[in-house]
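Have the structure open as you read.

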Amino acid sequence: LPKMEAQLKGELANEPDWNALYEDDPVGYVREKQLWDEKKEKLSAVNAEQQRLQQEALVKQQQQIAQYVEYGNQKLLEIIPEWQNPEVATKEKLAISEYAVNTLGYTPEEIQQVYDYRALLGLRNAWLNSKTVEATKKKPTQKAPARVARPGTTNRPKTTTPVKRAKQRLAKTGKIQDAAKVFEQLI
């Protein structure tokens, strides 16, 4: 069709002077006019056929995209089972698109044109990672510095003897009874 169209346009490029042809040869004028009109009809038929084929290809492409989107939706539900709940899926998809536009620099039109489920998975993983990073930045976990033991110390906990406990109690209360118990422990 493109070759035929180019040939017809080449033949129709040089339109004869119809008035001069009619004056010189009226019979030749009629013959030339018929040939000219036939070529014009062929050209319009070629153009119409090309448009029909383009429209057919567009419809076929849209059907393939719709099938791929449906396949992608099924795969997403297999990979992300929590998206089986439409409310959760809608909320996360909205958050992912906001993340892609505000943080990654996509335009809203580009995000609307994403129909490959793998790209959506990649964007979701990036969004989840950014949430994790933000959460760790907000709550830094600082451990107390480790205490270093002085040389010659042991790791055994000190045990308190009954005498020592009695002395500590006496120091706290200052009662005579507690002083008597200290002496009882010494004997």
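A word on axes before we start: they are lines fitted to C-alpha atoms, for helices over the stretch in contact, and angles run from 0 to 180 degrees between N-to-C directions. Helices here are DSSP runs (H or I, at least four residues), numbered from the N terminus. Keep in mind that this is a predicted model, where local features need pLDDT of at least 70, side-chain atom pairs count only at pLDDT 80 or more, and totals for chains, interfaces and linings use all residues. Residues are numbered from 1 along each chain as its sequence is written, and side-chain values use heavy atoms, with hydrogens and water left out.

Start with helix H1 (residues 2–12), which packs on H3 at an angle of about 150 degrees, the two axes lying 10 Å apart. H1 and H3 are therefore roughly antiparallel, a label for angles over 145 degrees. The crossing of H1 past H3 is left-handed, that is, the near helix is turned anticlockwise from the far one by less than a right angle. On the H1 side, the residues in contact (heavy atoms within 4.5 Å) include Met4, Leu8 and Leu12, and on the H3 side they include Trp36, Leu43 and Val46. By class, this contact divides into 7 nonpolar, 2 polar and 6 charged residues. Here Ala, Val, Leu, Ile, Met, Phe, Trp, Tyr, Cys and Pro count as nonpolar, Asp, Glu, Lys and Arg as charged, and the others, Gly among them, as polar.

Now jump to helix H7 (residues 162–173) and helix H8 (residues 176–186), whose axes come within 8 Å and cross at roughly 165 degrees. That makes H7 roughly antiparallel to H8. Among the residues that meet are Val163, Ala166 and Leu170 in H7, with Ala179, Val182 and Leu186 in H8. The contact of H7 with H8 has 7 nonpolar, 2 polar and 4 charged residues. H7, too, passes its partner H8 in a left-handed crossing.

Last stop: the pocket. The largest pocket holds about 340 Å³ of space. On a 1 Å grid over the protein atoms alone, a pocket is an open set of points where a 1.4 Å probe fits, with protein on both sides within 12 Å along at least five of seven lines; lining residues have an atom within 4 Å of a point. Grid points are joined across faces, edges and corners, and the volume is the space filled by probe spheres set on them. Of the 17 lining residues, Lys93, Ile111, Val114, Tyr115 and Leu120 are the closest to the centre of the largest pocket. H4 gives the largest share of the lining, 5 residues.

How values were computed: Helix = DSSP H or I, 4+ residues; strand = E, 2+ residues; numbered from the N terminus. Parallel < 35°, antiparallel > 145°, perpendicular 65-115°, else oblique.
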